[in-house]
Amino acid sequence: MSRDNFQGESEPTDTFDFNDRYGVRPERAWVPYALSFAMVGGAWLIWAGLHQAEPAISYSLVAFNNEDPRNTEIRYTINRRDPSREATCVIAARDIDKVIVGQIDDQIPAATGAIERTVTIPSRADAVNAGVTTCYLN
């Protein structure tokens with residue numbers, strides 16, 4: 001009998017592979033995903049670093065004086081990326097329990113360069129410290 005008489009049989013053209021049958025992938029299938037994740041993450045990291053390297057407005061506390069606990073004096077500096085814009089800083093005085101006992105909004109006019117401000121904060125109770133809560137551009 002010749003092999004041509006059997007129906008349904010064919011000559012094997014390639015060898016049987018269990019990896020194909022059971023869906024086993026090559027060992028380094030994760031490399032393209034890792035590279036794409038690294039590229040997107042690296043681009044975001046560079047953008048975020050450059051964007052936050054020089055914020056639109058920054059401030060720093062220089063000193064505060066609470067010789068008179070009902071009128072705390074604070075000295076701070078402010079830097080703006082665009083000095084032609086006005087800014088507002090919220091200044092607060094706190095008591096021993098860190099409760100805000102006095103707060104003012106300090107309006108800062110447009111000017112060039114860094115500005116150092118000295119402000120007195122009236123408070124309803126004895127304050128032990130003071131600080132800049134936030135600053136924003138108008």
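This short talk walks through the core, the salt bridges and the aromatic residues of one predicted protein model.

Residues are numbered from 1 along each chain as its sequence is written, and side-chain values use heavy atoms, with hydrogens and water left out.

Let me start with the inside. If we take Cys89 and leave aside its neighbours within four places in sequence, we find it in contact (heavy atoms within 4.5 Å) with Tyr76, Ile78, Ile104, Asp105, Asp106, Ile108, Thr134 and Cys135.

Now to the charged side chains. How many salt bridges does a search of the whole structure find? The search finds three, a salt bridge being a side-chain nitrogen of Lys or Arg within 4 Å of a carboxyl oxygen of Asp or Glu.

One of them joins Asp106 and Arg117, at 2.6 Å from N to O, and this pair links distant parts of the chain, with Asp106 in strand E4 and Arg117 in strand E5, eleven residues apart. Is Asp106 buried or exposed? Asp106 counts as buried because its relative accessibility is 8%, the cut-offs being under 20% relative accessible area for buried, over 50% for exposed, and partly exposed in between, with a 1.4 Å probe and protein chains only.

Arg75 forms a salt bridge with Glu116, with the closest N and O atoms 3.2 Å apart; here Arg75 is in strand E2 and Glu116 in strand E5, 41 residues apart. Arg75 is partly exposed at 36%, and Glu116 is partly exposed at 49%.

There is also the salt bridge between Arg70 and Asp126, whose closest N and O atoms are 3.1 Å apart. Arg70 sits in the loop between strand E1 (57–65) and E2, whereas Asp126 sits in the loop between E5 and E6, 56 residues apart.

Finally, let us turn to the aromatic residues. A search of the whole structure finds one aromatic pair, namely Phe16 and Phe18, which are edge-to-face at 4.9 Å centre to centre and 85° between the planes. Rings of Phe, Tyr and Trp (its six-membered ring) pair if their centres lie within 6.5 Å, and planes under 30 degrees apart count as stacked, over 60 as edge-to-face and the rest as tilted. Phe16 counts as exposed because its relative accessibility is 54%, while Phe18 lies in helix H1 (residues 18–22). Asp20 is also placed in helix H1, and it is exposed, with a relative accessible area of 63%. Between Asp20 and Val40 there are 20 residues in sequence and 32 Å in space, C-alpha to C-alpha.

Definitions and conventions. This is a predicted model: local features need pLDDT of at least 70, side-chain atom pairs count only at pLDDT 80 or more; totals for chains, interfaces and linings use all residues. Helices (H or I, at least four residues) and strands (E, at least two) are DSSP runs, numbered from the N terminus.
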